[in-house]
Structures are given as C-alpha cells and as structure tokens.
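Work through the exercises below with the sequence and the model in view. Each task is followed by a solution in steps.

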Amino acid sequence: MPRANPWTLVPAAEYERHMGPEGADQLRPLAAVLGRACADLRPRRLLVLGVATGNGLEHVDPKVTERVVGVDVNIQYVAVARQRFARLGPTLELYCVDLEKVDLPPASFDLVWAGLVLEYVDLAAAASRIAGWLAPGGSLLVALQHPPAAEAAGERLRAVGEAMRLVSPEELAGHLAAAGLEPRQAYWVEAARGRLLHVARWRRPK
C-alpha cells in the first residue's frame, strides 16, 4: 500500500507556524515573489501548485486575473484558503489533489507558480506536465530551497523533511529545458536567518 504524502498529516496551524515568522519565515518572501510576478506579467489565468492556505493570493487582482486554480494535497489547507480568499469568488478554483495526479487541460495557463513544491515530486515528470499546462508565451515561476533547508520541529514536520529532496538550480534548468521551456529570469531571495531561496522564471515559446 502506497505511503501517504506526509503533508496531508500536518494541520494548517502547524504548517503556518513552521512557515511563518516563528519558524522558517518563508511565507513572506514567497508571497512577495508571486506578487511581483502578478504585477509584472498580469496573467489572465494563474495556476498555483501547492497552494496550501493561500499564501500570496492576496496579490491577485480579479480584474486582471480572471481564473486562479490552486491545488494542494491537504484538504484542510484548501478549506482555509477557500474561506480566507472568498473575496475572489468564482475566480478562485481550489482542488485537493496531488500535483502528480491532477488532470488539467493543456495550454490553459499564462502563469504557473510552484513555490517550494518541486522538492517533493518526480522532477522530470512534473516539468513535462507543467510545460504542457502553459499556454504559448506562458511562464513557469519556481522557488527552490537552498541548502541548508529550514529545520522542522515535531514528528509530522520531520516526516515532511525526510520526504524532501533538495533540487539545485542546475538540475531544475536541465529538466525544464528538456521539457521545451526557455529561461527568462533567475535571482536569489533572502529568507530568515540568512537562508536563501532560488527563484527562476521559464517561458513556453510562442
């Protein structure tokens, strides 16, 4: 019997405590990265992989972005995000499903955001699937953990840490190029206690 994804066992409050100022303090920089992309790219259709409790959705302007799809494996996170961002109304579609199993139509998104999620999936397969979901000219925005990863407290979060495999920018680039995407931008973002996040934007050719 396949082992359950450890993220399904971490309650929303524990997740936000770990990711917030009391812990890794990664929510703030991740939200800022998505906000910057929404302002610069003004996507009409946005896909958020690993939407969790909706961090970053506060930057979505429904007058610009007509459709936002968020997927996450944890049903509690999805419920929190749905309630927290009710202002988005029918613009926001949230689904409790694994990134590696979600069925989405091809060429249907102008921006895909994957913030600290590619460390938990088959990277080659995910790169190919994501490239297929992008419309021509659409962008994939990725944030990766840079070692050392943030330490996790508690049994449930330690299990998450054990399931994580750090991905280097070079490895990411190889898989995204193989999937037919083109590099557009890369930069580093400082998180808490000197830790860094690597952010990269790749584009599907028109």
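**Exercise 1.** State the pattern that the chain follows, read along the sequence.

Solution. Step 1: the chain follows α-α-β-β-α-β-β-α-β-α-α-β-β. Helices (H or I, at least four residues) and strands (E, at least two) are DSSP runs, numbered from the N terminus. Step 2: the chain has 6 helices and 7 strands. Step 3: the model is predicted, so local features need pLDDT of at least 70 and side-chain atom pairs count only at pLDDT 80 or more, while totals for chains, interfaces and linings use all residues. Residues are numbered from 1 along each chain as its sequence is written, and side-chain values use heavy atoms, with hydrogens and water left out.

**Exercise 2.** How do helices H1 and H3 pack, and which residues meet?

Solution. Step 1: H1 (residues 12-19) and H3 (residues 75-84) pack at about 80°, and their axes are 9 Å apart. Axes are lines fitted to C-alpha atoms, for helices over the stretch in contact, and angles run from 0 to 180 degrees between N-to-C directions. Step 2: H1 is therefore roughly perpendicular to H3, a term for angles of 65 to 115 degrees. Step 3: from H1, Ala12, Tyr15 and Glu16 meet Gln76, Tyr77, Val80 and Arg84 of H3; contact means heavy atoms within 4.5 Å.

**Exercise 3.** Describe the largest nonpolar core and the surroundings of leucine 57.

Solution. Step 1: a nonpolar core is a set of buried Ala, Val, Leu, Ile, Met, Phe, Trp, Tyr and Cys residues joined through side-chain atoms within 4.5 Å. Buried means under 20% relative accessible area, exposed over 50%, partly exposed in between (1.4 Å probe, protein chains only). Step 2: the largest core has 37 residues, and Trp7, Tyr15, Leu46, Leu57 and Trp113 have the most contacts inside it. Helix H2 (residues 27-41) gives the most to this core, 6 residues. Step 3: neighbours within four places in sequence aside, leucine 57 contacts Leu34, Val48, Val51, Val68, Phe85, Arg87, Leu88 and Leu92. Step 4: a second, separate core of 29 residues includes Val69, Phe109, Leu140 and Leu181.

**Exercise 4.** Is proline 183 buried or exposed, and where is its place?

Solution. Step 1: proline 183 lies in strand S6 (residues 182-190). Step 2: proline 183 has a relative accessible area of 57%, so this residue is exposed. Step 3: not counting residues up to four places away in sequence, proline 183 touches Arg201 and Trp202.

Note on methods
Parallel < 35°, antiparallel > 145°, perpendicular 65-115°, else oblique.
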